[in-house]
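Work through the exercises below with the sequence and the structure at hand. Each task is followed by a solution in steps.

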Amino acid sequence: RGETIGIFDSLLLNSDAIRKRKALIAKLGLKRMTSVNSCNPENLSILYMVHSGIDRKDWFALVSLRIALNGSMPNSAAVCGADGVECDQKTISGIYWNNTQLDGTIPATIGLMTALTTLSLHDNQVRGYLPSEIGKLTKLQRLLLGSNQMTGTIPKSVGVLEELTALNLTSNHLTGPFPSEIFSLTNLETLAIGQNPDFGGSISSRIGLLTSLVELDLEMTAQKGEIPTQIGKLSDLRFLNVANNDIEGTIPTELVELHQLNSTSGLRLANVEILGPVPVGLCQHIKALEFCASSSIICECCEVSSETFCSVDQ
């Protein structure tokens, strides 16, 4: 597609070609090519002229993404505000294609949409790797790709997305470990990797550097080792889910400092290998801890019995 964008640029700059395309557009009565198969360079340039209100680079990246995901072309000349696309003036700021039966891969050209703040492709069949070019989206705040079929690792380039507040990659087929660069994302509020059963690794002590975290979901990610004491530094944390892992050791007493944990089910420990008692201080602000009796966790201060959750989590 690198050659295609070069051809696309040259076509737009060729005045004879422009006149021919204007004549063709008039002949077509501004009917757009909606078939992906018709997206050769000339048709792309025609489509761009129809959608000339959008930055050329963003428009090409949008078309490339739609083609790569086996989706249809935009069905309206007013792309902004339609088809799950949001714009800020002439640049694309948000893509919301959730549950739209997309089943392709994310192309490298995604990196051309440098004004993008939200990329949400939740609940589709998106496959393949997350391209390293995602790191070029320096204004990205929300990357929501949960419930897909993605594979590979999280690229190191994610670590340069300083404005990122939400990273949701749940229910895919990703493998770990976390790139060390991810722990520099001090604005990150949601880190959700749960339901990636082959992810592997252990919870890094550097997790304590993500001081803005509100939600940490690592359920069923083949995590091993102990819960690091540094989690106790995440003073804004409201939800911690490490259920269905090979987590062992004891519950760190430092978790007593997490006063924002949700009072009903903020700490999920079902089906882990943790031994010993729940620190009494946790029960001052958590009334229901999710764990199973088989995990050998002893909770003398819990108001809800552990069996309440076992029928669901086992």
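**Exercise 1.** In this predicted model, find the order of the strands in the open sheet of three strands, and say which strands stand at the edges.

Solution. Step 1: the order is β4-β6-β8, and the pairing is parallel. Step 2: β4 (127-128) and β8 (173-174) each have a single partner strand, so they stand at the edges, and one side of each lacks a neighbour in the sheet. Step 3: for the pair of β6 (residues 149-152) and β8, two bridges are found, in the parallel sense. Gly152 stands opposite Leu174 in β8.

**Exercise 2.** Trace the strands that are joined by bridges to β13, and name the residues that pair with Glu248.

Solution. Step 1: strand β13 (residues 246-249) runs parallel to strand β11 (residues 224-226), and three bridges join the two. Here Glu248 has Glu226 opposite. Step 2: β13 is also joined to strand β15 (residues 273-274), by two bridges and again in parallel. The partner of Glu248 in β15 is Glu273.

**Exercise 3.** Describe how β1 and β2 are connected and how they run.

Solution. Step 1: strand β1 (residues 85-88) and strand β2 (residues 91-96) are antiparallel, with four bridges between them. Step 2: Cys87 has Ile92 of β2 opposite. Step 3: the two strands form a hairpin with two residues between them. In the turn, Gln89 has a positive phi of about 60 degrees.

**Exercise 4.** State how many residues the largest nonpolar core has, and which element gives the most to this core.

Solution. Step 1: the core has 70 residues, and Ile95, Leu121, Leu191, Ile207 and Ile231 have the most contacts inside it. Step 2: α4 (56-68) and β2 each supply at least two residues. Step 3: α4 gives the most, with six residues. Step 4: to look at one member, take Leu191; beyond residues up to four places away in sequence, Leu191 touches residues including Phe178, Ile182, Ile207 and Asp217.

**Exercise 5.** Is Asn241 buried or exposed, and which residues are in contact with Asn241?

Solution. Step 1: Asn241 lies in strand β12 (residues 239-241). Step 2: the relative accessible area of Asn241 is 3%, and buried means under 20%, so Asn241 is buried. Step 3: apart from neighbours within four places in sequence, the contacts of Asn241 are Leu216, Asp217, Leu218, Glu219 and Arg268. Step 4: Asp217 is 24 residues from Asn241 in sequence, with the C-alpha atoms 4.8 Å apart.

Methods:
Residues numbered from 1 in each chain as written. Predicted model: local features only at pLDDT ≥ 70, side-chain atom pairs only at ≥ 80, totals over all residues. Heavy atoms only, no water. Buried < 20%, exposed > 50% of the residue type's maximum accessible area, 1.4 Å probe, protein only. Contact = heavy atoms within 4.5 Å. Pairing = 2+ DSSP bridges. Core = buried A, V, L, I, M, F, W, Y, C linked by side-chain atoms within 4.5 Å.
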